[in-house]
Each structure stands twice: as C-alpha cells, then as structure tokens.
Amino acid sequence: MSITQVEAAPVIRRKLHIPFGLTLVLLLLVLCALLTYFTDSFLTERNIPNLLRQGAMIAILALGETFVIITAGIDLSVGAVVGFTSVIVAWLLTHDVSIWLSILITLGIGLGIGCFHAFGIVKMGLPPFIITLATLTSLRGIGLLMTNGATISITNDTFTDFSRNDLLNSLFGIDISPFDVPNLFAMVVLVAVPAWLFLSHSRWGRYLFAVGSNSEAARLSGVSVTRTIFLAYILSSVCAAFVGLLLASRIGIGNATQAEGWELQAIASSVIGGTSLFGAVGSWHGPLLGAFILATINNGANLLNVNSFWQRIITGGLIIVIVYFDQLRRRRR
Amino acid sequence: MTTASPTLAAGVAADRVPILELRKLDKRFTGTHALKAVDLAFMPGEVHAIVGENGAGKSTLIKLLTGVHVRSSGDIMWQGQVAPIATPHDSIALGINAVHQEVVLCPALTVAANLFLGDEEVKYGFLQHRAMVRDAQKILDEIGFNLPAGAVLGTLTIGQQQLVATARAATRGTKFLIFDEPTAYLTRQEAAQLFALIRRLKARGVTIVYISHRLEEVFDLADRVSILRDGELVSTSRIEDTDEERLIRGMINRTIEQVFHKDEVPFGNTILETRHLTGRGFSDVSMSVRQGEIVGLYGLIGAGRSEFVLSLFGREPATGGEILWQDKPVKIRNERDALSLGIALAPESRRDQGLCLNMPVGFNINLPVLRRLTRGILIAGGPETSAAERQIGDLRIKTASRHALASSLSGGNQQKIVIGKWLNHGAKLFIFDEPTVGVDVGTKAEIYRLMGTLLQQGAGIILISSYLPEVYELADTLHVFRRGQLVASHGHKVASHEDVLSEAIGV
C-alpha cells in the first residue's frame, strides 16, 4: 500500500505544478526560436553566454524574493542590498582583506540586513512593505556615505575574472568555450538546488507556506512564526548580498547606486513564475524561469534595436498577460 | 418595510400563491449532483426551516436563490411567474436577501456605513456621516438590536457583526430573507434579539427561510420544515406534525442516542491540574483532567472559557496560579511549550485559526507532525504520504485527494482535518473549542466517535461548547463558567439542563 503511494506521489505533484512551469519553458523556447529566426546575432557564441550572465543575477534575486513572498510578505530592499554589498566587498578587497573573508563578511552583512527586516516585522509590528522600503532608501545612502559618492574600483583580478570565466575552465582549466557554462550561470544552479530541497522537501519550506497561508493556524499547529519570518527575510537578503558579490565581480566596481530597480525585476520574475503576492503559492523553478524570460526579452529587444523605452512597456504588458493567464488557470482548478 | 403593505393588501389570495416556488430545480457541478429536481413552495409570511447534513444541498439552494450560481435546469417562480435569477443583482431586485454564515461586510467601516453600503446618504456630493449614524441607530433601535451605530464593525464581536449583517439584509425592502446558521456565533441575548426580529418580519409578511443545525431553534421559530438529504427533498411538513427524532431520522438514519454515543472508559492518572490559575479574562480556576476523561466547560460567550484554555495552550500565558502537568509544576509560555508537553488545541474558528485553507488537505494534516516526518534535514516522502492517507481514511474525510485544497471541502470535513491533524501527534491532552459549530449531525457523531478513540488511547479531553446538550451528554465532569470564574461543577448528567443554564446565566 504505502509503497505504491510513494511511487504515485511525485506523479501527482507534477500534475499540479509542472504544467505552468512547462508553459514558461515553452514560452522561453518560443522566444529563443523567434529571436534565432529573426536575428543573426541571437544564437551566437558571444550573445548566449552574455544572456545567461545577465539573467543569472536577477534569477538568484528573484529566488530569494520568492521565499519572502510565499510568507505573504514583500522585500523591496533587494536591489539596494545588491548595490550596498557591492560597495562593501569592493571596500574590503581594496583594503587587502582576502577574497574568502570578504565574501563571508559581505554575506554576513546580508544576513544582518535580513535579521533587521524580520525584527522590524515581528518585534516592532511594521508591515514588510514599510520596513524594506525604509532600508531600500537608507542602504543606498549608507553606501554613498561610505565612499562619499565615489565608485570603488576593484583591482583584485582573481575576483573580477570569476564572472567572466566559465565553469569547467576555472575548475579544471579545460577551455571549450563557447560551449562551457558561464560561472555566473553555474551560481544559479548552486543556489537553486538547495532552494529546491528547502522549499519542496524540508520542514522549514512547508512552514513558509503555512505562515503565508494562515499564520494563526500555523502558530496553533506549533510552527514558530517568528523563526519562519526571520528565515525568509534572511534568505532573501543573503541571496541579494550574494548577487552583490556577483555584480561587483562582473562590473569590477563597488557603487551604491548600482542595481537600481532590480527589486522590481525580481518581484516581476517571481510573479511571472507563478508566485502569488497573497502568499502560500510559489515554487523554486518559477522565479528562475521568470527571470530568464525577462532577460531574453530584453536581450532580444536590444538585438532587434527596439527602443529601450519600448522594452519597459513590453515588460509591463508581459507581466499583465502572464499573470492573467495564471489567474485563469487557478480559477479553473 | 415598504413591502409590508402590498403583501398584506393581497390578503387571503397571497396565502394561496407561493411567493417563491422551486420547480424541478436542479444543479450539477463537475463531479457532483448537488440538487436533484427539488420541488418546494414558500408561502408569504411563513418561517420555513430547511434542515439537512452538510453537503445535503442547502448551501447550493441558497446560492441559486441569491444568484451566486445559476441553475442547471428547472425553474424558480417568483409570485407565480418565472424569475430568471442569474446574478446576485437579479435576486436583490426581486427582494431576496440572505444572511450568510460568515459575515461579508467591511470590518474597517462603521456599523452605519456598513448598513448603508451602496445606498449612502449624500448631500451636494458629500457623504452625510452624522445623519447616517443617526438614521442607522434609529433603524437598529427599531428592530431591537442593541448595537452602537457609530462603532467600527471590526471592533465588535462576531455575533454582533452577524446582527449588523442581519439588520442590513432585513431593512432593504426585503420580501424573502434567508438565514444560514444565524445563531452559530451569537450569545443567548443576541439570539433572542434575532428571534424577536424574525417574528416581527414574519408578522409583516416577509418570508423567512431558516437554515440551522440547532433543531430546538427550528421548533421554536418555524411554521414548516423541509428536510434535504443528498440533494433531494425528503419531506416538507408542518412543525406540529413532526419532532426532533423524526427530523434527524429524515436527515440521516440515526437516532439521538447514537449521535451522542459514548463508550465508558476507565479514568487513569491526572494529566493536567490547575491551581488558582488566573489570567486575562478569568481568575482563580482550579480543575483537573484525568486520562480517559472528558471535562466539559460550559458558559456563555465571554464567560472566560476560551481565555482559560488559550492560557493552557500558551497563547496568552497565565499571570497567576499554578499548572501541574502529570503532577509536576510547569510553565507554559507559548504554543510550542504546550505542544512539547503534549497539549493540542482544535481552535474555535476553523477558517481563521484552524486551517491553511489555500493549501492541500495533506499539508494541513501533516503540519503539526512535520518534525517527526523529517529524516535528517528533509521530509521523508513515503511516511508523509502514508500519514496523510491514513488520516483521510480513518476520519472518512470526503476529499478528491490529499492534494485537494482544504477550501474545497465542506465545513464538516474541514473540521475533521482540524481535529484529525492532532491524531498523529500523540498529544495527551486535547482541547476542543466548539468542535461542532456549523457541523451536521452525521459529522458530529463522527467527531464524538473520534473523541472516544482518543480517550481509549489514554488521552484526556477538555471540551468547550456553547451547545448545552453536547457538553451535558458527553462530559464526565462539567464545569460552569460565569464572568471569568468557575462557578459550579457536576458529574456526568447529574444536574439538570435548567440548573446548568441558570448557573451559567447567574439567576
């Protein structure tokens, strides 16, 4: 009896979740096919790795954001955290702190920011929107104060080379570019696998959903709502700090005004990926697909010489269309 | 109100022509046949009760009459003519209104604003707040509801909000008013105010459809009663021609004794004892629970019973006195302290406190025991599945699968989850706060059977209920609360109903 059910379980789960994920994959493939057909510059050894690098950072940001949105919260600060932590890591590296220690300290600061958000929400009773809006503006301010508005250039080549290099090349010295996986994209996988295990197969992942669905019922079922909220915001901020590291490595500078508006791209990616802003609905793969769909559209629009103002409008329209179809699908269920 | 005159003017003839008639009314949803060719006539000025188990088709009937759903076949006749009710607007335009089980008003607005919602008093384009509060108060006083018109709705109790919803539905030129379990959250005084209003509406010629699981109310109010079972009309009879026994037999094939069935279980050791426990809303409560014992807590709403048990569960810790767990003094500071001792709570409001409604059934069942289902850092899929399936089977939860959302289940089946999720937990003391509110007779019997199973496993139960027959029949020890104090205690069925009631009221 139980054996057959064990085998049956993943099948049923797939029935519930994958179709929307599959539509997103299809959408992504259709986009790629169209761009390949209509441009000569899309499917090239320069553009594809570039696209993967571009999408990677928003993807990781969106994944972190999704944890928070599942608890029916919102984290508006992630873009600011990216900019702020890029300053932190640049400052540490220019003051001769070793790479690994710099990375650890930067991630630690992300953890601290997440704790601060959760503290404000749980202990001070502030709405998530407000506390993260506050850090959104003030973190950029702190970053600008630290450098007096200047940009810190990173001179550490090991650090900046990482984002330009590919996975097999940097691990084993095998040079098969352009067929190698860019390091930045490998980082998405590095984050996505634990995120999948966490969200779909761990107790704490379930607690995120429980708190997002009905925090009172969760509390009465023995779930520590406080710890769950802390966990969600810490994960989001640590993901953002991680993206701060990647961005600093990619552009070789630390500047608090970087990553302007990335919080909105992260939220949009998550929502396109099927996450509900009302909480308790979301997956690990949705935000990743959402981020790469957005990246592909922007990339394609560039290649097609579409006015960048139009790109913003297209992105907005796309959000409405995709989320509308997702709503239709849910209602039918 | 304005409707009174035409109905009365119609005089004798109005008594002959039904105000509303269902002809072979039928409704199918994908997978279920919710209403099967129901023929039913409602006369002007009658109180017509409809009884039936959860899932019998009562809610579907209401939704067809109020235009929430559209019928599959058959006709709804309004004063002898076919009424194509397709939207809530159609139904309201005819003069059909409903008071739903859950309050659907705006908690952030005042009572007056809610009463006039969609029909505000406006002068020169500005809302006339003060005039509306004044007029609302006049209306409330007139219909005998003791409510402050200027108060913000959300600050009132659920019962009071329910009365506001009633007042709203009753004062909009309504000719046909449907009540769905109106007394579930009302205190006795509030219920009395409601009954008085129903009688006055009836005297004015308004037709009342009264849906309730509380049969004593049906006998108190109704002129006629119809029984629904599995979407079919079983019978319609004048209230004088029937009795509780017959109604219950019509709804299910079970008698009252079988509903309150209780096995004798020998008492074991004391599980929990309180000594002079004091907290917000109650003081100086000393009581104990033994293995195999049901301790009933009876009292009016606001008597401190819920506050008392919430302190036992750590929701709002006690400020004075002592709690002994298996004869050792303990401090219960939060829910997790309580759970780790082995205290489980099935809370009063399943929607607000008991369930994650937009999550699957299996998710809800396993939520309290995820820690135990975790191997290493991950949840073991096999045990998780089998735990959920076993619970769905044991409790006979009617659901498409464990992946169905909890919100898709009927109220009774939702309640089974609220209780059932603790069965795997292995708690030693169970607190049931109003476990059968809005639940049909069949599910009630199953919930009582479940309690019996827990007792036989050596657990103890604290049962809170505002439904006297329930605590009276089931409790081995019955404590009566009044104004935050434990005022009387009785053995199993020792005192009379009247005694217990007067102790609770304090006369």
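How many residues of chain B are in contact with how many residues of chain A? The legends below begin with that contact. The model is predicted: local features need pLDDT of at least 70, side-chain atom pairs count only at pLDDT 80 or more, and totals for chains, interfaces and linings use all residues. Residues are numbered from 1 along each chain as its sequence is written, while chains are lettered from A and ligands numbered from 1 in the order in which they are written.

**Figure 1. The side of chain B that touches chain A.** Here 29 residues of chain B are in contact with 24 residues of chain A (contact: C-beta atoms, placed from the backbone, within 7 Å). Helix 17 (381–394) of chain B is among the elements that each supply at least two residues to this side, as are helix 13 (335–341) and helix 14. The largest share, five residues, comes from helix 17 of chain B. Helices (H or I, at least four residues) and strands (E, at least two) are DSSP runs, numbered from the N terminus.

**Figure 2. Arg351(B) in helix 14 (residues 350–354) of chain B.** Arg351(B) counts as partly exposed because it has 15 C-beta neighbours inside 10 Å (buried: 20 or more other C-beta atoms within 10 Å; exposed: 12 or fewer; partly exposed: in between; C-beta atoms are placed from the backbone). Its C-alpha atom and that of Pro18(B), 333 residues apart along the chain, are separated by 37 Å.

**Figure 3. Helix 21 (residues 497–505) of chain B and its buried residues.** Val500(B), Glu503(B) and Ala504(B) are buried in this helix. Seen down the axis of helix 21 of chain B, the buried residues fall within an arc of 100 degrees, so they line one face of the helix (the arc is that of the directions from the helix axis to the C-beta atoms). Their cover includes strand 15 (294–298) and helix 20 (468–474) of chain B. Gly506(B), whose phi is positive, near 90 degrees, follows helix 21 of chain B.

**Figure 4. Helix 6 (residues 157–164) and helix 11 of chain A.** These helices pack at an angle of about 95 degrees, with their axes 7 Å apart (axes are lines fitted to C-alpha atoms, for helices over the stretch in contact, and angles run from 0 to 180 degrees between N-to-C directions). Helix 6 of chain A is therefore roughly perpendicular to helix 11 of chain A (65 to 115 degrees; under 35 is roughly parallel, over 145 roughly antiparallel and the rest oblique). Phe159(A) and Phe162(A) are among the residues of helix 6 of chain A that meet helix 11 of chain A, whose residues there include Leu246(A) and Arg250(A).

Terms used:
Contact = placed C-beta atoms within 7 Å.
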